[in-house]
Structures are given as C-alpha cells and as structure tokens.
Amino acid sequence: MPNLDLFAWWTISISGGSIFLTLVSIYLYLSTRTKRKQTERARSKPASLVKDFIFVWVLLSLLVFYIVSIQLGSAAIFVFAAGNIIVEVLLILYLIKNRLKESEQT
Amino acid sequence: MILIACAVVAGVFAELEQSIAILTMIAISVILGFYNEYKAEKIVENLRHSIAIEAVVTRDGKSSQIDSKMLVPGDLVSLYVGDIVPADMRMVECKDLQTDEATFTGESFPVEKTIESLDIQHPMPQQLRNYLFMGTVVVHGSGKGVIVSTGKNTEFGAISKSLIRSHPETEFQKGVKKYGTMLLMFTLALTVGIFSLNAAIGHPLIDSLLFSLAVAVGLVPELMPAIVTISLAQGARRMAKVKVIVKRLVSIEDFGNMDVFCTDKTGTLTEGKIILRDIASLGEEVDHKVLTYSLLCNAAVVGEKIVGNPMDAAIWEYAKKNSTQETVNSYAKVDEIPFDYQRRMMSVVVKKHNEYILISKGAPESVFAKCKDAEISGRTEPIDAVSKAINDKFLNLSQLGYRLLAIACRSPEVKSSYAVEDERDLTLLGFLIFTDPPKSDAHEAINKLKGMGVDVKILTGDNELVAKTICDELKIPVKKVVCGSELMQMSWTEIKAAVEETTIFARITPEQKLDIIKALKANGHVVGFGGDGVNDAPALYEADVGISVDTAVDVSKEAADIVLLEKDLLVLAGGINEGRKIFGNTIKYILMGTSSNFGNMFSAAAASLFLPFLPMLPMQILFMNLLYDVANMTLPTDNVDEEYIKWPKRWDIGFVRKYTLFFGPFSSLYDFLTYGIMLFIFGAAAATPGAASLFQSGWFVESFWTEVLVIFVIRTRRIPFLTSRPGKWLMLLTLSCVAFGTIVPFTLLGDFLGFTALPAEYWALLILMVATYLFLVDAGKVFFYKICKF
C-alpha cells in the first residue's frame, strides 16, 4: 500500500459516489411510488425491490470488487481485467433480457 | 465571463503561458459559436425572405415589387385586398377601397376610403378618410397612395408601444430559462464549495481560485446557444424541404410538441376551390337547358385556361369534364347586361334560329324576385304556386353549405340592345349547386395527426350543419358541436371544460377563437392555430404556434410563427415530425452536456480535496470542454428514434434535474476508479516529478472517452443502446474526436497542455473500464425510464 491516507480518501470518495447514486435512485423510486402502486398492485414488495434495483446491486458489487482489487496494487491488473469482463457479460445478458422493443416504448 | 476571469487571474497571479492558452480557447469557442450562429441566421434569413412582405411601388413611372421596409416618402404604392398598409399614405386612386382599422382605431367595421379633399380642422386620424394608415389592412377593393411617412414616423409608429405586444413566451423559452437557473445554482454551489474547501485544507489561494473557476467553466455547456440555434436552423431548412417555412425559430419545439391543432375548415379540410357539384332542375328530370344557359350567361374567359369569376369558371370546368360545352355553339350572343353588386345577377340575350332568349343568372333571391313563372318538368307554372317548395329546397341546400345560383329565362322583344329593365317576367329553370369539396387526403391526414397525438378541432364562422356535413363526408368523428351563441352563455370554467370535449366550434367570432385557444392553453395543452384570414391574426398571435399559409393575407403571415407553402394537413404532419426531431436532438445535448459535465466536475472537486496536486489543470479542463463541444457539433444531424417522435413531448426541467443527478454520478464513479488505478496501480501517488502529469493524462483520456462515448448510450431510450443507429456525421465526428483526444498526450500539444505518454497496460484497462461503464449506464436506463417518464 503506497499511501494509506490517500487510499482511505480514495475509498471514501468512490464509496461516497456509489452511496450518493444509490440514494438518488431510492429518492426517484419513492417519489414515483404512489403511481407505481396503482399500476403494479399485484407485485409483491420484496420481489419488486430486488428486481427494480438490480443495477444498484451490480453497482455496489462492482464497488467492493474495485476497492479490493485496487488495494492489491499493480498485481491487480489481471484480476481487475477479468472482473470487468465478467461484469460486462452479466450486464449484456441483463440488457438483452430487459431490452426495450420499439413497440413497447411511448 | 468566467473564462475571461480565469485568464486574468492566471495572467496576473500565475503563468502568462496559461493565460494565453485560456484566451486562445475563448477565441476558438467564440469563433465556433459565432460561425454556427451566423450560418444559422443566414439560413433563417433566406427562409424568411421567401415569405417577406412586399409592396408594389411605382418610382419614376416604373412599377416593381420591393420589400416594404425599403419604402420612402413620395413612393406611389398600389394596394389590393389582403395587403397590410406598409406606411401612412394619402390616397390618389380608390376603387371600392375599404380598410380594417380595428387595430388602429378600434373601429370594427371596414372603413370606406376616398381620394377627395376633406375640410376638417385638426382632424383625428380616424376622420381622415383620404388617408391609409400603416398596419391597417385592405379588406375590399384596390387603390393607390403616395407615402407621407414611414416606420416610426407614422401614426401607428407613434402609438406602437401601446399596441405592439410581443409573442407570448413559448414552452421552449420557459424551459431554457428554468434550465439556465438550474445550471446557475449548480455552478454557484460547486464553485463556492470547491474554492472554500480547497482554501480551507491549505491549497494556495490562487490555485484554488483558478481551479474553482475552471470547474465552473467545465459545468457550463458553452456551445449550447450555438448548438440549439444551429439545431433549430438546420431543422428549419429540413422543414422548408417539406414545404414548412419557419418564421420564428423558437416556435419549432412547440410546433413539434403541439397536442391540439385548431383550424378553419376552408382549404384545410376542403380544397378551398369552388366546383360545380350538381345541377338541380325544378322537376324530377334533369333539364340540360340549365347547364347550356349557364354557359351562355357566363363572364369567364375561355381559352387554354379558364379565367374569371370562380363560379363562372367552375361551370365551364364542369361542362368540359362532361363534354357538354359544344351545346353553346349553335347560339349567337346578341347583348349582355353585366353583373353588378346591387342586382347580384347578370343577363345575356342570345339568338338561335332567329329565336331570341334572355338568360339571367345570379343569387337565387335576386333572380326569384324577377321571376313570374317556374318551369317544372316541361310545364310552366306561376312562381307563387311553387315558391314554398322552391324556397325549402334552396334553404336545405344552403344549410348544407352549398352555394347556389339560379338560372331563369324569357323570350324578349327583338331589339339591338338590352338593359336592366329587361330583366323581368322571367321563368325560373333551376339551380347550379356549388361547393368547396372535401380534400381527398383530409381523412388520412386527420388520422395521421391523431396517431401523432394531435387532436384536431374545427373553429369556423360557418354554421354547424356545414361543418358537420364536411366532417361526415370525411368520416371525421365529431364528439360534440358547440355554437358561438352557446359559448357566449358559458362561464370561463365551463369554456375550459367544453374545449376538451368539443370537435367543432361553429358560428364563432374572432374573439371566441381567442377564448378557445386561451382555454386550451389554460388546460395545459400546447396549442397550434391555423388561419389565413385577417380576423385570424389575434388567434395566430395567441396560440403557442401560429400557422398560416403562403396564400394567406399579409396580416396572417405576419402574425404566424410557421408558414405552410401548401395548405395541407399532411404537410403539417411532416413539419410536426421535423419539430419533434429537433426537440429530441436539443434535449439530447442538454441532458448529455449537463449530466456529463456535472459528473466530471463533481469528481474533480472531490479529488482536489485529497490529492496533493490538482487532478486536472484549468487549461486541461478547458481543452477537454472544447473538444467535447466539437464532438457535439453534429448532434443536430443525429437520427431520432421513431418511437420518440410518435407522441408530443413537453419540456420538463424536473426531468433534466433528475437525469443530471442520476447519470452524473455514474461518470464520477468511473473517474474515481481511474484515480485509484492511476494512483495505486500506475504509481501516480508517488512523490515523483512526473506523477501529477501521469495522473492528469490518465484522467483526461478516461474522462474524455466516457464523456463522449456515453453519447451513444444516452442518445436513445432503446435497450441495449446498440439497437438505435446514430447519425453518420455524429458517429464520424465523435469517433474522430475520441481518436484525437487519445493521441494528444503523445504530441507536442500534449506537452504544452502538461500531459505525458501513458503506459500500454493503461489502455487495455481503459477499454475494459469504459465498456463496463457504458453497459452500466445502459442498465441504469432500465431503472431510470421505468420510474421517470418523459
């Protein structure tokens, strides 16, 4: 670890950014909750939360992965690269599954 | 201003080199912005010129048509129906000239003009019947006048301050204003915050000030005015190709987003051209004499083209179509008693085999008054005996919107010339039924507009039966019909409710047209109004988008925002599509620029707190900003997804704010990640001389790649983003800019800007990182568009 203080600062910054994004997502989700409730009454709350916030779970997992791999320093290059490739494959599968066809858009 | 402040601070307190570089960037930005705005203005000027108001002027005995702005006192100007009077003038020639001076004197009836001298001491302008005043409109007749004063020296100019009202602010203008305020708040908060924190943790004050100013600059999309203007101007040029001329650029957005279109029926739903629909004899059998006689009693000049009164011309068109015009060849014309407005009829005397026939044709009530008999199925009966049945038939046809002419005849005494007194004791033969036929494509056009989310409402001065007949013929569903008299009894709340469910407003006054538009606007609609008459001008002004046609009277064209070169709803639909594309591309720039800049500057601000050096030099930030703006220059030419333009959109500042807050941090996260990589993998944390430059180079490239490449993700709502094809110029310029930004650290320019070459492993990681970033943003879109509708 070349500079512990700097690393701590960096960890705080990147975690802060992720938390900020998560909070914005929760705020946006809650601000439209009433409307969603009317249209999606049948859906159970826990399932809905897991599904709707999938990108947040990916984001937080990536955060942990990035912090851990970068902590390894220059030795982390291959771990970092492999981790990115895995996440990309998972994201592409998710995007294909959730693809928005032209007819579904308004 | 912020950039200039940066240059001054750098020049006074830091390095002259940095100051010069900043000033160079200001110059490039200004030149780019000026060039684009100039080009846009030229396009608009050319388009405006094609519909400029012109006047027929006689100078040195030669007549020519010139721009009315070029008129000077002493010019002799000719005026015709529909012309706006371009200056104050003394009349020297009048032929039944009447003007509408409502905007000038409040007089709602047309004012008759004369050339005679008036003997009035200290006359009021409205007493000057031998004068025409600038801004009034010729509603009848024609005339010539000598210009006495022009522009601000006219009576109208003197009181124009109280008369001229500017166009109400468009939805787009309101949106841009709110966006500016939002940006100002973000900029102020970040600048003050960064400066205070940097100063508080011990960074040099000048560096802190320069850096916070550079961050402020980074937040502002400098080229936004140029991008918006060029987007609008290029759109206006594309719209001109589909025969839609834009007079006021800012109205394009509202044109695309309009959800209610109010229009008169004439020329929009109907052809705007009179045709002879049918011939009605008084009996059950068709009397061919009616057509033959109406061809004989006809003032049209028939050559290669048929010229003359539209009804007379329509009779010839009908005869030619049915090949019956030869029937007149066996007749010889003896004399003609011409049409005049008092009698409202004309007559001819013709001869066939020494038999003289006087034929009269004219307004039914005028001809009836001169009839003694009526010919029904070959029998002649006294007109009094059949007048009720004939009147009923006449009224029924009139109420259905048909225009009628009556044909009558008699055998006159033989003489060489005939006069009005000979029009007596006529025998009524039948009617000619004229109509303005429905347009063949009006049904398709209405359906198309409906499919685009635009509700069409008909505002007409005609009676409800006429409007209903046209709608029935065109199979246009009519929800409700409201007449002007009913509207007059309604309260404002009732009018607001009525406009939502009514398709036809019949027998309405110009003031009621205004009320309807105001009520629709108050209900939250973006309202378009199509009109071509003098009385339509106030409604054209009031509507969010005033739409007129090239053949409209000058006053309507002047009040309109958009002028259609063809009065056709399909042309309108084409224009709306273009408007939506322009809105789509403008919004793309705003969303991308704001969210990317916010993300980058947010991460720069955070980094400045814990790094021992500036994460990016002010000059580097400005260079990146400039390069990003260049990459966006072709955004106005980008493709817009079909589904995006299917429905009208509204500017929603709340959406822009949410978008910025949501997508901005994505780029910040990857900026932080790059910090980690540069500091802890590539050793930029070490206190070596080149560490800062390596860090800044690494972040510059990553930041630029993510900022520019995310355009392809954000420009579409489709998921995955690869299913939407970007415009070729956008793709070409964006990728060229990415390539240029990538090689900059290896060049002399890179040295000048303080960059250094990056290691090979960095590029491999960068590609993987940026790919993850783009897919993550795309995944974020799944969540965002599920909860934020726009």
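The following passage describes the fold of chain B in a predicted model, and the contact of chain B with chain A. Residues are numbered from 1 along each chain as its sequence is written, and chains are lettered from A in the order in which they are written. Local features need pLDDT of at least 70 and side-chain atom pairs count only at pLDDT 80 or more, whereas totals for chains, interfaces and linings use all residues.

Chain B contains 27 helices and 25 strands, taken as DSSP runs (H or I, at least four residues, for helices; E, at least two, for strands) and numbered from the N terminus. Of its 790 residues, 47% count as buried, that is, with 20 or more other C-beta atoms within 10 Å of their own, C-beta atoms being placed from the backbone. Among the contacts in chain B with a separation of 6 or more, 70% link residues 24 or more positions apart; a contact requires C-beta atoms, placed from the backbone, within 7 Å.

An open sheet of 8 strands in chain B has mixed pairing and the order β8-β25-β24-β23-β9-β20-β22-β21, where pairing requires at least two DSSP bridges between two strands. Because β8 (244-246) and β21 (481-483) of chain B each have a single partner strand, they stand at the edges, and one side of each is left without a neighbour in the sheet. On average, neighbouring strands are turned by 20 degrees against each other, direction ignored. Within this sheet, β24(B) (residues 545-549) and β25(B) (residues 562-564) run parallel and are joined by 3 bridges, with V549(B) opposite L564(B). Helix α17(B) (residues 510-522) packs on the sheet, where it touches β9, β20, β22 and β23 of chain B. The direction of α17(B) makes about 160 degrees with that of β23(B), on a scale from 0 to 180 degrees between N-to-C directions, with axes fitted to C-alpha atoms, for helices over the stretch in contact.

Helices α5(B) (residues 171-200) and α20(B) pack with their axes 10 Å apart, at an angle of about 10 degrees. The two are therefore roughly parallel, a term for angles under 35 degrees. Residues of α5(B) in this contact include F186(B) and L190(B), and those of α20(B) include F598(B) and M601(B). The contact comprises 10 nonpolar, 3 polar and no charged residues; Ala, Val, Leu, Ile, Met, Phe, Trp, Tyr, Cys and Pro count as nonpolar, Asp, Glu, Lys and Arg as charged, and the others, Gly among them, as polar.

The contact between the chains takes 43 residues from chain B and 44 residues from chain A. On the chain B side, α20 (569-610), α22 (653-681) and α27 (760-787) each supply at least two residues, and the largest share, 16 residues, comes from α27(B). This side divides into 31 nonpolar, 4 polar and 8 charged residues.

Technical notes: Two residues are in contact if their C-beta atoms, placed from the backbone, lie within 7 Å. A residue is buried if 20 or more other C-beta atoms lie within 10 Å of its own, exposed if 12 or fewer, and partly exposed in between; C-beta atoms are placed from the backbone. Angles under 35 degrees count as roughly parallel, over 145 as roughly antiparallel, 65 to 115 as roughly perpendicular and the rest as oblique.
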